[in-house]
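Please read the following note beside the model.

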Amino acid sequence: RCAEHSSKRAVGGPKRRVAPFPKKILKKLSCATGRETFATKQRYTNPTMLSPRPPASHILAYAQTLDGGGVEKALLRLVRSWSEVGRRVTLVLGDVTGPLSRDLPTGIETRILGRHSMLGMGAIAALTEEIAPDILFCPGNHYSALAAWTKMRLGHRCPPIVAKISNALVRRDHGAAFAAAYRTWLRWHPHFVDELVAMSPA
């Protein structure tokens, strides 16, 4: 039946350019259900053709400091690029001082909390509700706890959360107990992260 279904799909209907995702898995997904689901289309085909959401016009991102970490450097490059293509960007910072402050792009909105501890950064939840962006961008693994906190506080009022993977998901530098706890924490991410972004295939 799967073969019959896939042949009918191949003969009839328009061809779609599939994103970098194994075609044989796509075929299994559609054959298993007897039809191509909306979720399958939305995630694994050309997003500009089928996505029900318009491009995010207002992006809210956050970081503790501008002291020079790799995550923060990457975030500033992304913020600059988003601003250059016409997106409105709001950047929430615990502390604006530091070597990277000279790289802060012009033309973006900044909110300075005055406290750069993770506890102080917890104000991101209230600010997200106040600012009401189209998406909340989590710049790296280190910051995902704040994304979880925001989702827990706001519930259905929380905008979609997009998180960037900044560290390996399998850490060889962790001991057995810490590695197990880390894997458990990673398994919770689908409960509060809507989309994951990787900057490279590594």
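Which strands does α6 lie across?

1. The helix α6 lies across β1, β2, β3 and β4, and runs at about 165 degrees to β1. Helices (H or I, at least four residues) and strands (E, at least two) are DSSP runs, numbered from the N terminus. Angles run from 0 to 180 degrees between N-to-C directions, with axes fitted to C-alpha atoms, for helices over the stretch in contact. Contact means heavy atoms within 4.5 Å.

2. This is a predicted model, in which local features need pLDDT of at least 70, side-chain atom pairs count only at pLDDT 80 or more, and totals for chains, interfaces and linings use all residues. Residues are numbered from 1 along each chain as its sequence is written, and side-chain values use heavy atoms, with hydrogens and water left out.

3. Six strands form an open sheet in the order β3-β2-β1-β4-β5-β6, with parallel pairing. Pairing requires at least two DSSP bridges between two strands. β3 (109–112) and β6 (195–198) are at the edges with a single partner strand each, so one side of each has no neighbour in the sheet. Between β5 and β6 there are four bridges in the parallel sense, and I165 stands opposite A198 in β6.

4. Within strand β1 lies H58. H58 counts as buried because its relative accessibility is 5%, the limit being under 20% relative accessible area (1.4 Å probe, protein chains only). Beyond four places in sequence, the contacts of H58 include R88, V89 and I135.

Terms used:
Buried means under 20% relative accessible area, exposed over 50%, partly exposed in between (1.4 Å probe, protein chains only).
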